[in-house]
Structures are given as C-alpha cells and as structure tokens.
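Please keep the sequence and the coordinates in view throughout.

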Amino acid sequence: MSKLTKNQKSVAEKVETGKAYTLEEASKLVKEITTTKFDASLDIDIRLGVDPRKANQMVRGVVTLPNGTGKVTRVLCLCTPDQEAAAKEAGADYVGLDEYIDKIKGGWTDVDVIITMPSCMGKVGPLGRVLGPRGLMPNPKSGTVTMDVAKAVKDVKSGKIDFKVDKAGIIHTSIGKVSMTPEQIYGNAKEFISTVIKLKPAAAKGTYIKSIFISSTMSKGIKIDPKSAE
C-alpha cells in the first residue's frame with residue numbers, strides 16, 4: 001500500500017470517516033482540507049429518495065446563490081435586434097442571432113449559458129443536438145427562454161444556476177469557489193439545499209434527503225447532517 005503524502009495525512013486527521021458535520025462546520029473544513037494551488041470549485045452532492053424515471057418525481061429548479069458562483073459566467077444572448085442593446089447593457093458577453101447560430105452549427109460552444117426568446121426558438125431548436133449534450137440548450141423551466149432577456153442575463157451574471165436530479169437520484173452542482181469565506185460558502189450551500197427541499201415532489205415517499213456531501217476540486221467529500229441545513 002502506498003504511503004500517504006503530507007497533505008493527505010493532514011486531511012485524514014481533520015475529516016473523520018463516517019462523521020456527519022453541521023453545514024457550518026463543513027463550510028470551514030472544506031477550505032482547510034483544500035490543498036490545490038488554484039482556486040478550486042466547491043461542489044455539493046445531494047442524494048434524494050426519488051425515482052427520476054417517473055415524471056412526477058423529477059426534481060429540477062433554479063436558485064440564485066446569494067454570494068454568486070465565484071466565477072465569470074460567459075453568456076450568449078440569441079435575440080431579435082430590438083433586444084440586443086438591452087442584453088448588452090445587462091452584461092451579455094455575446095449578443096446576436098443568425099451569426100451565432102451559424103457559429104454553433106460550425107462547432108462553436110465557448111459559452112456557459114445561452115439565453116433566448118420564445119420567438120427565436122424556431123431557429124435555436126435545431127441546435128439541440130449540439131447544445132443538449134453540453135447542457136447549453138435554453139429551456140423555459142430554467143428561465144433561459146424568456147421575453148425579458150435583460151433580466152435573465154442579469155440573473156445569471158449575479159449567481160443564478162439551474163440544476164436537476166440525475167438518473168441515479170443525485171443532484172450535483174458547483175456552488176462557489178474555495179476563495180470564498182466560510183460564511184459565503186455556508187450562505188450559498190444553505191440557499192441551495194433549502195431550494196431543493198422546497199422542490200420535494202408530492203409523490204416522493206420515505207426519506208427525501210438521503211445524504212449531502214460538500215467538497216472542493218480533488219478534495220475529500222465532507223458528509224453533512226441534513227438537519228443542520230434546514
């Protein structure tokens with residue numbers, strides 16, 4: 001068996017295997033056990049007691065993280081000419097329609113979020129095969145297909161993210177960066193968990209929140225007591 005490195009030993013001493021920490025404790029601890037030289041992302045994994053294969057147990061929603069995502073979100077707004085100025089003023093990085101649709105058809109997807117209007121979906125819809133697998137396809141449920149593109153751009157830039165449970169019944173997403181303070185990490189995590197709890201499907205039976213783990217890029221996962229996050 002290979003020996004543990006100095007950093008691995010330090011982490012092992014700080015995180016007790018099997019112990020469920022309070023959200024407040026975990027928000028501090030995740031910073032202490034992160035040893036990467038870059039500003040690592042903060043990830044949260046919530047295992048739910050739902051069957052995602054059933055439509056009435058699908059959990060999907062949006063949340064605006066109170067302390068932002070900690071990263072620059074590149075936004076493309078595909079809109080009609082009369083909305084271009086408003087989208088640019090709201091902070092969109094790329095604004096237009098036909099020229100960007102042609103770029104996407106050519107393989108360009110160098111953005112994080114795409115926002116569009118209902119009237120433009122006839123042109124955007126055929127891009128599903130390119131955008132879908134990358135999680136970039138605009139969707140009314142996530143607020144990325146809307147008449148008010150300026151508001152949608154502002155929301156995304158200020159920390160709005162969308163999420164959904166995967167086939168295994170797990171919600172996995174990034175809620176910030178390690179450079180945030182423990183208080184900011186706690187605020188973002190609590191808001192996210194509270195939103196997931198509010199979205200509990202009526203058809204879900206038994207324990208809804210089965211487990212919660214928080215971690216940073218390449219760090220060990222820290223188990224959280226769900227009751228401390230309510």
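This is a predicted model: local features need pLDDT of at least 70, side-chain atom pairs count only at pLDDT 80 or more; totals for chains, interfaces and linings use all residues.

Q: Among contacts between residues at least 6 apart in sequence, what percentage join residues at least 24 apart?
A: Contact means heavy atoms within 4.5 Å. In the protein chain, 73% of the contacts between residues at least 6 apart in sequence join residues at least 24 apart.

Q: How many helices and strands does the protein chain have, and what box do its C-alpha atoms fill?
A: Helices (H or I, at least four residues) and strands (E, at least two) are DSSP runs, numbered from the N terminus. By that assignment the protein chain has eight helices and nine strands. Its C-alpha atoms fill a box of roughly 60 × 45 × 35 Å, taken along the principal axes.

Q: How is the packing of two helices read, and at what angle do helix 3 and helix 7 pack?
A: Two packed helices are described by the angle between their axes and the distance between the axes. Axes are lines fitted to C-alpha atoms, for helices over the stretch in contact, and angles run from 0 to 180 degrees between N-to-C directions. Helix 3 (residues 81–90) and helix 7 (residues 149–157) have axes 8 Å apart, at an angle of about 15 degrees. Helix 3 is therefore roughly parallel to helix 7; angles under 35 degrees count as roughly parallel, over 145 as roughly antiparallel, 65 to 115 as roughly perpendicular and the rest as oblique.

Q: Which residues make the contact of helix 3 with helix 7?
A: Helix 3 contributes Gln 83, Ala 86, Ala 87 and Ala 90, and helix 7 contributes Val 149, Ala 150, Val 153 and Lys 154. By class, there are six nonpolar, one polar and one charged residues in the contact of helix 3 with helix 7. Here Ala, Val, Leu, Ile, Met, Phe, Trp, Tyr, Cys and Pro count as nonpolar, Asp, Glu, Lys and Arg as charged, and the others, Gly among them, as polar.

Q: At what angle do the axes of helix 2 and helix 8 cross?
A: The axes of helix 2 (residues 23–32) and helix 8 (residues 182–198) cross at roughly 130 degrees and come within 9 Å. Helix 2 and helix 8 are therefore oblique to each other. The residues in contact are Leu 23, Glu 24, Ser 27, Lys 28, Val 30 and Lys 31 on helix 2, with Pro 182, Ile 185, Tyr 186, Ala 189, Lys 190 and Ile 193 on helix 8. The contact of helix 2 with helix 8 comprises seven nonpolar, one polar and four charged residues.

Q: Which residues are in contact with Ser 216?
A: Ser 216, found in strand 8, is buried at a relative accessible area of 3%. Neighbours within four places in sequence aside, Ser 216 is in contact with Val 30, Thr 34, Ala 40, Ser 41, Leu 42 and Val 178.

Q: How is an aromatic pair read, and how many are there?
A: A pair of aromatic rings is described by the distance of the centres and the angle of the planes. Rings of Phe, Tyr and Trp (its six-membered ring) pair if their centres lie within 6.5 Å; planes under 30 degrees apart count as stacked, over 60 as edge-to-face and the rest as tilted. The count comes to four aromatic pairs. The rings of Tyr 94 and Trp 108 have centres 5.3 Å apart and planes at 85 degrees, so this pair is edge-to-face. Tyr 94 is partly exposed, with a relative accessible area of 26%, whereas Trp 108 is buried at 18%. Tyr 94, Tyr 100 and Trp 108 form one aromatic cluster.

Q: What is the phi of Met 218?
A: Most residues other than glycine have a negative phi. Phi of Met 218 is near 70 degrees, a positive value in a residue other than glycine. Met 218 lies in the loop between strand 8 (209–216) and strand 9 (222–224) and is exposed, with a relative accessible area of 73%.

Note on methods
Residues are numbered from 1 along each chain as its sequence is written. Side-chain values use heavy atoms; hydrogens and water are left out. Buried means under 20% relative accessible area, exposed over 50%, partly exposed in between (1.4 Å probe, protein chains only).
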